[in-house]
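Hello,

Here is the structure I promised to pass on. Please open it first, then read my notes below.

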Amino acid sequence: MQVSVRDNNVEQALRALKKKLQREGVFREMKLKQHFEKPSVKKAREQAEAIRRARKLARKKAQREGLL
């Protein structure tokens, strides 16, 4: 990952880097790896996340179709 610093504006470059890291999910992954997670708990969490993503996608799709 690379962020360029323009006009010696380090603060702006840091904001851009944090935004990129957030999009990549680095902070979330670091938080999850702070403590050991049992495989059964990990599987349940990932399944719940998948269900949440699918429902969110279905909601957005229904909203788009309802408005068009």
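**Salt bridges**

Glu 49 and Arg 45 are both buried. Buried means under 20% relative accessible area, exposed means over 50%, and partly exposed lies in between (1.4 Å probe, protein chains only). Before you go on, note that this is a predicted model: local features need pLDDT of at least 70, side-chain atom pairs count only at pLDDT 80 or more, and totals for chains, interfaces and linings use all residues. Residues are numbered from 1 along each chain as its sequence is written, and side-chain values use heavy atoms, with hydrogens and water left out.

Side chains of opposite charge can pair when their charged atoms come close. How many salt bridges does a search of the whole structure find? There are 3. A salt bridge here is a side-chain nitrogen of Lys or Arg within 4 Å of a carboxyl oxygen of Asp or Glu.

- Glu 49 pairs with Arg 28, and their closest N and O atoms are 2.2 Å apart. This pair links distant parts of the chain, 21 residues apart: Glu 49 sits in helix α3 and Arg 28 in helix α2 (residues 26-32). Glu 49 counts as buried because its relative accessibility is 13%. Arg 28 is at 47%, so it counts as partly exposed.
- Glu 49 also bridges to Arg 45, with the closest N and O atoms 3.1 Å apart. These two are 4 residues apart in helix α3, so about one helical turn separates them.
- Glu 37 bridges to Arg 45, with 2.8 Å between the closest N and O atoms. Glu 37 is partly exposed because its relative accessible area is 21%.

Together, Arg 28, Glu 37, Arg 45 and Glu 49 are linked in a network of salt bridges.

Helices are DSSP runs (H or I, at least four residues), numbered from the N terminus.

**Surface patches**

Patches are made of residues with over 30% relative accessible area and no salt bridge; like charges are joined within 9 Å, and nonpolar side chains (Val, Leu, Ile, Met, Phe, Trp, Tyr) within 5 Å. Accessible areas come from the Shrake-Rupley method with a 1.4 Å probe.

Which residues make the positive patch? They are Arg 55, Lys 56, Arg 59, Lys 60, Lys 61 and Arg 64. Lys and Arg count as positive. Lys 61 lies in helix α3 (residues 39-67). Its relative accessibility is 46%, so Lys 61 counts as partly exposed.

A nonpolar patch covers about 450 Å² of surface. Met 1, Val 5, Val 10, Leu 14 and Leu 17 make it. Val 5 is in the segment before α1. Val 5 is partly exposed because its relative accessibility is 47%.

**The start of the chain**

Most residues other than glycine have a negative phi. Asp 7 has a positive phi, near 55°. Asn 8 also has a positive phi, of about 55°, although it is not a glycine. Are they buried or exposed? Asp 7 is exposed because its relative accessible area is 78%. Asn 8 is exposed, with 73%.

Ala 13 is in helix α1 (residues 10-24). At 9% relative accessibility, Ala 13 is buried.

**Domains**

The domain assignment gives domain 1 (1-34) and domain 2 (35-67). Such bounds come from an automatic or database domain assignment. The C-alpha centres of domain 1 and domain 2 are 25 Å apart.

Best wishes

Methods:
The place of a charge is taken as NZ of Lys, CZ of Arg, CG of Asp or CD of Glu.
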